[in-house]
Amino acid sequence: MRLVIATCQVDYAGRLTAHLPMARRLIMIKADGSVLIHSDGGSYKPLNWMSPPCWLKEEVDTGAESGTAEKPRTRWIVTNKGGEQLQITIENIEHDSAFELGVDPGLQKDGVEAHLQVLLAEHIETLGAGYELISREYMTAIGPVDILCRDDRGATVAVEIKRRGEIDGVEQLTRYLELLNRDPLLTPVAGVFAAQLIKPQARTLAEDRGIRCLTLDYDALRGMQSTDFRLF
């Protein structure tokens with residue numbers, strides 16, 4: 001991970017346009033290629049970002065195109081596969097460091113989330129009629145997908161399960177979907193964000209990304225008769 005504290009201007013051009021005027025900010029470049037711009041406020045959410053897969057190219061802006069004689073500035077252009085761009089114009093860098101964090105074991109689910117995963121896998125038809133389970137804890141290069149299944153048309157569906165559905169859970173599922181959709185044996189892969197409670201902001205983000213939201217009733221799932229054979 002590379003951490004840069006710099007005076008910078010940020011411009012985003014894609015489905016929408018956004019502009020952040022020149023100010024001191026933290027630029028975070030992760031090993032997976034994602035780039036995030038943070039300020040000293042706003043809690044955990046970045047001011048702007050680009051999700052992987054994306055590519056960073058560095059240029060020097062001498063001001064020749066605009067006819068100005070300004071001091072040359074460094075410009076980082078981050079482009080994703082859809083052609084959207086995050087342009088970071090850097091006036092001054094105060095700190096630049098890189099760290100090797102290694103492979104993260106991932107967030108450990110609490111007892112309720114783990115039990116929800118088991119219950120939903122046992123009663124996969126909760127997702128819809130005709131759904132079939134492929135695997136629980138389907139391993140990817142960035143961590144396990146809670147449930148991988150097929151819908152009634154045979155299409156692959158990845159399910160992320162949370163007790164409380166928030167924006168970070170949607171981001172997590174988005175990363176899984178981007179990776180799974182590179183696999184020719186699985187693509188196209190749709191996403192389902194399932195939780196006991198889904199916050200409005202998370203639902204809005206999920207729906208904007210084409211991810212279906214499903215509210216889980218823990219008590220109802222626990223009350224279902226298991227499909228496993230039992231002696232008693």
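**Figure 1. Threonine 89 in strand S7.** Threonine 89 is found in strand S7, residues 85-98. Helices (H or I, at least four residues) and strands (E, at least two) are DSSP runs, numbered from the N terminus. This is a predicted model, in which local features need pLDDT of at least 70, side-chain atom pairs count only at pLDDT 80 or more, and totals for chains, interfaces and linings use all residues. Residues are numbered from 1 along each chain as its sequence is written, and side-chain values use heavy atoms, with hydrogens and water left out. Threonine 89 is buried, because its relative accessible area is 5%; buried means under 20%, exposed over 50%, and partly exposed in between (1.4 Å probe, protein chains only). Leaving out residues up to four places away in sequence, threonine 89 touches Thr7, Cys8, Gln9, Met22, Arg73, Thr74 and Arg75. Contact means heavy atoms within 4.5 Å. The side chains of threonine 89 and arginine 75 make a polar contact at 3.4 Å. A polar contact is a pair of N or O atoms within 3.5 Å; within protein, one must be able to donate a hydrogen and the other to accept it, and residues adjacent in sequence count only if both atoms are side-chain atoms.

**Figure 2. Two buried cysteines.** Cysteine 8 has a relative accessible area of 0% and is therefore buried. Cysteine 54, at 11%, is buried as well. A disulfide is a covalent bond between the sulfur atoms of two cysteines. The search for one looks for a pair of cysteine sulfur atoms within 2.5 Å, and across the whole structure it finds zero disulfides.

**Figure 3. Two cis peptide bonds.** The peptide bond from proline 52 to proline 53 is cis, with omega near 0 degrees. Proline 53 sits in the loop between strand S4 (48-50) and strand S5 (54-61). Threonine 187 and proline 188 are also joined by a cis peptide bond, with omega about 0 degrees. Proline 188 belongs to the loop between helix H2 (167-180) and S11.

**Figure 4. Glutamate 137 in strand S8.** Glutamate 137 lies in strand S8. Its phi is near 50 degrees, a positive value in a residue other than glycine. Glutamate 137 is partly exposed, since its relative accessible area is 36%. Apart from neighbours within four places in sequence, glutamate 137 contacts Gln117, Pro144, Val145 and Asp146. Glutamine 117 is 20 residues from glutamate 137 in sequence, and their C-alpha atoms are 9.1 Å apart.

**Figure 5. The open sheet of five strands.** The strand order is S8-S9-S10-S11-S12, with mixed pairing. Strand S8 (132-140) and strand S12 (212-215) are at the edges with a single partner strand each, so one side of each has no neighbour in the sheet. From one strand to the next, the twist averages 30 degrees. Two strands pair if DSSP finds at least two bridges between them. Strand S9 (residues 143-150) and strand S10 (residues 156-165) pair in the antiparallel sense over four bridges. Leucine 148 has alanine 158 in S10 as its bridge partner.

**Figure 6. Helix H3 between S11 and S12.** S11, H3 and S12 make a right-handed β-α-β unit. Right-handed means that, with the strands pointing away from the viewer, the path from the first strand over the helix to the second runs clockwise. S11 and S12 run parallel and are joined by four bridges; alanine 195 has threonine 215 in S12 as its bridge partner. Helix H3 (residues 200-208) lies across S10, strand S11 (189-198) and S12, at about 170 degrees to S11. Axes are lines fitted to C-alpha atoms, for helices over the stretch in contact, and angles run from 0 to 180 degrees between N-to-C directions.
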